[in-house]
Amino acid sequence: MAPDGHHRLLRSLHVSGTPLVLPNAWDVVSARAVAEAGFPAVATSSSAVADVLGYEDGERAPADEMLAAAARIARAVDVPLTVDAEAGYRMEPAELVDRLGAAGASGCNVEDTDHATGAVTGADEHTAKLAAIRAAAGPDGLVVNARVDVFLRNRSRPQADLLDEGVARANAYLAAGADCVYPIFLADDAVIGRFVEAVDGPVNILATPAAPPNDRLAELGVARISYGSGLHSLTMARFAELLASIAR
């Protein structure tokens, strides 16, 4: 179980304009490095963890292995851990909350993609799921970061055209008990600003080359910045360069 106070601490770190920055980790070594660098919480990246375990992202890795990796990380660091739980591994909400709690997680991401179809889950269905997760976790329990995948699943469309649907989903998820919403791959400066203004709670933005820099995201009122699998990809690219230099 997460140490006393970790849920409260993690929730308190979501402040509009003073974002919680999360350089996502993938194993004990990377998580310890994040904590030792002074970051107040550790987040996992499902893509990076799955890659380390030998699987592709998108709930193709067994839930038991993903949660075991999370448990190892939780035992190794003294800061709150938030786990990328993908779409919940087809578990019932109460089971998901119990399993995350047993792994030592203080928070989690839950995305609204249906991995069986690759489409975004219906808003009403996903809202009900989040409400059940909150009911199982209790009001002061697991910190839920609800991912809004309309920008991810429609990357060929202008982001401004997706704003209304993204905001509607975000506000429904927050009303259902989510603590933060995560419009992943939303990167347009003006649309981020409009999204933050229209949403009734903390907003998480993914740090990508296309997104504004962190100081600008803070100015826009963002409360959380995630790096996803980016640092793992950069680390592995550097490792490949080192291997190539040795192989010469």
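Helices (H or I, at least four residues) and strands (E, at least two) are taken here as DSSP runs, numbered from the N terminus. The structure is a predicted model, so local features need pLDDT of at least 70 and side-chain atom pairs count only at pLDDT 80 or more, while totals for chains, interfaces and linings use all residues. Residues are numbered from 1 along each chain as its sequence is written, and side-chain values use heavy atoms, with hydrogens and water left out.

First, the empty space. Rolling a probe the size of a water molecule over the atoms shows where empty space is left. On a 1 Å grid over the protein atoms alone, a pocket is an open set of points with protein on both sides within 12 Å along at least five of seven lines, a cavity is a set where a 1.4 Å probe fits but cannot get out, and lining residues have an atom within 4 Å of a point. Grid points are joined across faces, edges and corners, and a volume is the space filled by probe spheres set on the points.

The largest pocket comes out at about 530 Å³. It is lined by 29 residues, and I184, F185, L206, G228 and S229 are the ones closest to its centre. Two or more lining residues come from each of α3 (46-53), β4 (107-111), α7 (150-153) and α11 (230-247), and α11 has the largest share with 3 residues. For the class counts, Ala, Val, Leu, Ile, Met, Phe, Trp, Tyr, Cys and Pro go down as nonpolar, Asp, Glu, Lys and Arg as charged, and the others, Gly among them, as polar. On that basis the lining of the largest pocket splits into 13 polar, 10 nonpolar and 6 charged residues.

Next comes the second largest pocket, with a volume of about 320 Å³. Its lining has 14 residues, with A87, R90, T121, E125 and K129 closest to the centre. At least two lining residues each are supplied by β5 (113-114) and α6 (123-137), and α6 gives the most, namely 3. By class, the lining of the second largest pocket holds 6 charged, 4 polar and 4 nonpolar residues.

The largest cavity has about 70 Å³ of space. T44, S45, S46, V49, M66, L67, A69, A70, I73, V83, D84 and Y89 make up its lining. Among the elements, α3, α4 (63-76) and β3 (81-84) each give two or more of these residues, and α4 takes the largest share with 5. The cavity lining divides into 8 nonpolar, 3 polar and 1 charged.

On the strand side, two strands count as paired if DSSP finds at least two bridges between them. An open sheet of 3 strands runs in the order β1-β10-β9, with parallel pairing. Its edge strands, β1 (20-22) and β9 (204-206), each pair on one side only. From one strand to the next the twist averages 20°, with axes being lines fitted to C-alpha atoms, for helices over the stretch in contact, and angles running from 0 to 180 degrees between N-to-C directions. Between β9 and β10 (residues 224-226) the parallel pairing covers 3 bridges, and N204 has R224 in β10 as its bridge partner.

Finally, the charged pairs. Side chains of opposite charge can pair when their charged atoms come close. With a salt bridge taken as a side-chain nitrogen of Lys or Arg within 4 Å of a carboxyl oxygen of Asp or Glu, the whole structure gives 13. One of them joins D179 to R11, with the closest N and O atoms 2.8 Å apart. D179 sits in the loop between α8 (163-175) and β8 (180-182) and R11 in helix α1 (residues 6-12), so this pair ties together parts that are 168 residues apart in sequence. Burial is scored by relative accessible area (buried under 20%, exposed over 50%, partly exposed in between; 1.4 Å probe, protein chains only). D179 is buried at 17%, whereas R11 is partly exposed at 22%.

A salt bridge also joins E56 and R60, at 3.7 Å between the closest N and O atoms, and both residues are exposed. E111 and R147, by contrast, are both buried, and their side chains meet in a salt bridge at 3.2 Å, N to O. This pair links distant parts of the chain, with E111 in strand β4 and R147 in strand β7 (residues 143-147), 36 residues apart. Through shared partners, salt bridges also join R11, R134 and D179 into one network.
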